[in-house]
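Some terms below carry cut-offs.

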Amino acid sequence: MPRPIEHLVTFTVDGREVTAPENSILADAALKHGGVEIPVFCYEPKIGGPVGACRMCLVEIEGIPKLQAGCSVPVKDGMVVYTNTPRVKEAQEAVLEFILVNHPLDCPVCDKGGECPLQDKSFGWGDGISRFAEPKRHFEKPLALSPLIAIDRERCILCYRCVRFSQEVSEDHQLVLQERGAHSFVATFDGHPYVAPFSGNIIELCPVGALTSQPYRFRARPWDIEQSGSICTLCPAQCNVSFTVRDDRVLRVLQRDHAGVDDGWLCDKGRFAYQAIHVDERITQPLLRDGGELRPVTWELALETAAAALGRARGRTGALAGGAATNEEGWLLQGLLRDTLGCADIDSRTGGTLPLDLHRALGAPTLQVSVPDLEYAHAVLVLGTEPVDDAPILDLRLRKGVRRHGLKLFIATSRPSALDERAAQSIRYAPGAEAAFLTALDAALTGGDVAGPAAAASADPDAIRTLAEGLRGAGEEIVVLWGERSTTGDDGAHAAEALLNVAARLGLAGREGAGLLAVPEGANGRGLREVGVLPNGAPGLADPVVAGRDAQGVAEALAAGELTAVYLLRTDPLIDLPGAATWNRALEKASTVIAHASFLTPGLAEHATVIFPAESHAEKEGTVVHPDGRLQRLRPAIGRQGETRPEWQVLAELRRALGDDLRLLTCSMVTARVFEAVPFYAGLSLDEIGAEGVRWTERPQSAAAPVAAAGPFDLPAPPAAASPNGRLRLGTFRSIWASPEVEASPALKFLHPRQRVELAPADADRLGLGHGAMVTVGSPDGSVTGVVHIRAAAPEGSVFLERAIPHHGASALEGPLVEVRPS
């Protein structure tokens, strides 16, 4: 539903007139608009409505004889509230005394000591004297609630925050309260460890020291540490984070609440993968291949060798940028290729060239929505993406919209989605058949032929017609959340045109709260496109002087000897890109492979000529662009580890060594050049971006964005999905845990995926396979082994495998059909 319209009312708190939105919660309104704090323990507006469990927030309201819970009372006009009368103070002291009856007095050794709401409330509202002399209750402690979280049940005050988060926010329903009365305690259902994508949020929600981080326990005290705000670039969600730093080491990551980006939540990858910054396996000095081995060398030798090799490969160099690269690094890289080396073969996408006009149309400011629009829309169509894997925080935002605002959720994916249970309708189609599916949906919205393209997509035509009716009848504010992978491959342009057709049929352009939101493959995928890391797009999505090859074209040109060098900025194509067999041949043939990397992958260990150490997101400075067009600023929280240098500086030094000196001395100078190069960033400054970022699509300068036709287009008949014919269609997915940072982090390593082969029950029965069986999945170019996972909702005729893992990844296979057989 649309955002509620606020009606302001005036009420009085302790003799002070306060103006606040009508029906807002008294505890919130008094603090936010009147500066009066009403103490709470159980209430947390991010979780949802009040439960009134702790009774710490009791206040006196004129006209009501009994004390009322300030967390449960909606504000009304003319209301008179007292928070400091003797009656209120007596009640608050009694509640605190009751809470402390069984709470251990172990503040000096408690991880929460010094930043504990219970300490603060006891000091501010407690009596300071305890009359309780009897023995306190005891539990075994600490217990491992999971490998990441420890629980001390003696400290628990039964505020319900953690249980409510599990049941009402993440909706994993793993945490429960067991027993009754004074014997109640928090536990997991059936005693299983609490392993979930968002489990770490309960550590921050806990108002006492009952839930603590296993990696952080006993590592620091609040007076030993500093907090440094920045952005997590481990996925496209780009959550705002605060690094806890002691002695130039990151010891913890906390959320930095941003309602327009993350809603105050973090996934466990963003919360715990900081450990990868300080592991011994990390590359922290330049490496140079010498005698077939990569050996540590000085920066001078590494830069000299790289510059000489690039100089010999002028006009014959390709480059790829991974999603973790900043705008500044991407801009310098495309300049190194185009301006310094005279090459145009550069890419940041994973699968094929999309015509530049389609990039422009899909990114048009009039079609862009913000992250909060997902929550308040009448309907959201999730197309070709799994939010919990691709941008986890968006999964929580969609669940919140369904739960609180009546959002109508539609899912259209080839693989079963974690959101299916919350959706009004879920539709499956063949892997890679987004073009055919969108063509069918476009036909359904216009009354055309649905059966033909639906058959090509291996989808149910009646379900597509129902989806079209549901979208048309949902309301005006409709959002399409689509995965960038939908527009990759040979049919990418067809899929993009069909998507624009759907947007045109639904009238999304220029309508507030309606439009498109793309989920890119990499964290800064949108920013890299906008600064010119495309084979057919210059900075600002302008036409380049010469168009170049895309990622697949670079691989083929290297294998054919047409290119002799390749520059890999924070990416390993053998892991991150499809067509591993082609890339393996390409890297073997290349005379020079220069890479920026934090960890030595098998592919880089075998093929790299020079490796420059890459910065972690806690060390990096620069800017990135959120999928909704918000420019955000990265700030370094710690010094760079070992001999690591800023990556923008490495690129600038290479350009200078090759005779192209831009005289860039600081990162802010590079940022200024980026803002000058991209017309729709014009006038931006780091001060304007600040701590919360700026959506360039909402600035007047967005009018400088290049305009392109947005449809409707005449769509040809889509190619039909491959018929299984005894084999299975190949679909791939990237797990939230498939990243080198997860693999390198001691606390998260247990979550790093191994290959799993997802099958429908009917296919498993036909092949004689059971859940957990070892199988080999083969295609003409290679094979991988994995463990069978039978999923009841998986579509028959398709098999889904993990990609972006270093061993037995799906990129080793060439579809569309593969054979599955017992190992």
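**Contacts, cores and strands**

Q: What makes L145, I149, C162, F165, L175, Y194 and L211 contacts of I202?
A: Contact means heavy atoms within 4.5 Å. With neighbours within four places in sequence left aside, I202 meets this criterion with L145, I149, C162, F165, L175, Y194 and L211.

This is a predicted model: local features need pLDDT of at least 70, side-chain atom pairs count only at pLDDT 80 or more, and totals for chains, interfaces and linings use all residues. Residues are numbered from 1 along each chain as its sequence is written, and side-chain values use heavy atoms, with hydrogens and water left out.

Q: Why is the set with I202, V380, L398, L409 and L481 called a nonpolar core?
A: A nonpolar core is a set of buried (under 20% relative accessible area, 1.4 Å probe, protein chains only) Ala, Val, Leu, Ile, Met, Phe, Trp, Tyr and Cys residues joined through side-chain atoms within 4.5 Å. The largest such set has 81 residues, and I202, V380, L398, L409 and L481 have the most contacts inside it. Helix α12 (residues 392-405; a DSSP run of H or I, at least four residues) gives the largest share of this core, five residues. Another core, of 50 residues, lies apart from it and includes L354 and A436.

Q: How do you know that β6 and β7 pair?
A: Strands (DSSP runs of E, at least two residues) pair if DSSP finds at least two bridges between them. A144 has A150 in β7 as its bridge partner.

Q: What makes β6 and β10 edge strands?
A: In the open sheet, ordered β6-β7-β10, β6 (143-144) and β10 (211-213) each pair on one side only.
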